[in-house]
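Hi,

Here is the structure I promised to pass on to you. Have a look at it first, and then read my notes below.

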Amino acid sequence: MSGHVFHPGHHELHGITVVVETSGDTTYVGRFDKEDDERAYLKDVGVHQAGTQSWEEYLDRTMLYGVKVEHRDLVVARGEITSVRKLTEVARS
Amino acid sequence: MYDPALVQPMRDETMAMGIEELTTVAEVDAVFSNHSGTALVLVNSVCGCAAGTARPALRQALSHDVTPGKVYSVFAGMDTEATQRARSYFGEDFQPSSPSMALLSDGDVVMMLHRHMIEGRSLEDISADLTAAFDKHCGTRV
């Protein structure tokens, strides 16, 4: 079953853990599922709110210990999203 | 829960590597309640996005000169209770993900390869992460 994919034909980020930054105080980290014209759909999502733990510390801890899931499924309006990047790429930068 | 017949080839793939699969809480406890030495635990998964690379990467890493004393697997989404119990031995700080791999030394996690460190990466890169951890934490295989 090496390389076997159960769900072909999805978005290129499908199944990838991403950092979704928004125009507000909230950053989401979770597995990208899909998107449509209006929304992005994430799974197993952790949340960072500005004003609490620093953004960098939150991402460092998430890299080390994994995503602390607060929402099994989350829908984010595309109009609120300012960037979607892979967690591993954000953490390296 | 997936169709067991669909998942069996993935179990077979790990067993062909000589990995001992733990399917019950009792089996997990028997191994880890008082574990000494080094052990790698693969939290197996049906997800082709990541597990489809994780298993062959592990197979390649296990051909390295230095490897853990024992290698085990639990199957997330299939053997749920055994997987949950195995994760309890990883400690509270580590969040569950699958596939993932934990390297333990005398019962403590010394390296965790989370799902986000597997997905989208090449087999060679994942294998290199594993062999680097083996070199750092495991003795030479006799």
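What follows is a walk through what turned up, one chain at a time. Keep in mind that this is a predicted model.

**Chain A**

Let's begin with the overall layout. Chain A has five strands and two helices, and if you trace the chain from the N terminus, the elements come in the order β-β-β-α-β-β-α. Of its 93 residues, 29% are buried. If you take the contacts between residues at least 6 apart in sequence, 55% of them link residues at least 24 apart.

One residue here deserves a look. A:Asp44 sits in strand β3 of chain A, which covers residues 39–49. Its phi is positive, about 50 degrees, although A:Asp44 is not a glycine. For background, most residues other than glycine have a negative phi. Is A:Asp44 buried or exposed? A:Asp44 has 22 other C-beta atoms within 10 Å, and the cut-off for buried is 20 or more, so A:Asp44 counts as buried.

**Where the chains touch**

The contact between the two chains uses 19 residues of chain A and 21 residues of chain B. On the chain A side, you'll find eight nonpolar, nine polar and two charged residues.

**Chain B: the first helix**

Now find helix α1 of chain B, residues 4–15. This helix has twelve residues and spans 15 Å from its first C-alpha to its last, close to the 16 Å expected at 1.5 Å a residue. Which of its residues are buried? They are B:Met10, B:Glu13 and B:Thr14. These three lie on the same side of α1(B), because they cover an arc of only 100 degrees around the axis. Turn to the other side of α1(B) and you'll see exposed residues, including B:Pro4, B:Gln8 and B:Asp12. The buried residues of α1(B) pack against β1, β2, α3 and β3 of chain B.

**Chain B: the sheet**

Chain B also has an open sheet of five strands, with mixed pairing and the order β1-β3-β2-β4-β5. At the edges are β1 and β5 of chain B, each of which pairs on one side only. As a reminder, strands of a sheet pair through backbone hydrogen bonds, either parallel or antiparallel. Strand β4(B), residues 100–105, runs antiparallel to β5(B), and five bridges join the two. Within this pair, B:Ser105 stands opposite B:Asp108. Helix α5 of chain B (residues 123–137) lies across β2, β4 and β5 of chain B, and runs at about 160 degrees to β5(B).

**Chain B: details to zoom in on**

- The loop between β4 and β5 of chain B holds B:Asp106. Its phi is positive too, near 50 degrees, and B:Asp106 is not a glycine. B:Asp106 has 10 C-beta neighbours inside 10 Å and counts as exposed.
- B:Ser98 and B:Pro99 are joined by a cis peptide bond, with omega about 0 degrees. B:Pro99 is in the loop between α4 and β4 of chain B. In general, most peptide bonds are trans.
- B:Asp29 belongs to helix α2 of chain B, residues 25–32. With 16 other C-beta atoms within 10 Å, B:Asp29 is partly exposed. B:Asp29 and B:Glu81 are 52 residues apart in sequence, and their C-alpha atoms are 11 Å apart in space.

Happy exploring!

Terms used. Residues are numbered from 1 along each chain as its sequence is written. Chains are lettered from A and ligands numbered from 1 in the order in which they are written. This is a predicted model: local features need pLDDT of at least 70, side-chain atom pairs count only at pLDDT 80 or more; totals for chains, interfaces and linings use all residues. Two residues are in contact if their C-beta atoms, placed from the backbone, lie within 7 Å. Ala, Val, Leu, Ile, Met, Phe, Trp, Tyr, Cys and Pro count as nonpolar, Asp, Glu, Lys and Arg as charged, and the others, Gly among them, as polar. Helices (H or I, at least four residues) and strands (E, at least two) are DSSP runs, numbered from the N terminus. The expected span of a helix is 1.5 Å times one less than its number of residues. A residue is buried if 20 or more other C-beta atoms lie within 10 Å of its own, exposed if 12 or fewer, and partly exposed in between; C-beta atoms are placed from the backbone. The arc is that of the directions from the helix axis to the C-beta atoms. Two strands pair if DSSP finds at least two bridges between them. Axes are lines fitted to C-alpha atoms, for helices over the stretch in contact, and angles run from 0 to 180 degrees between N-to-C directions.
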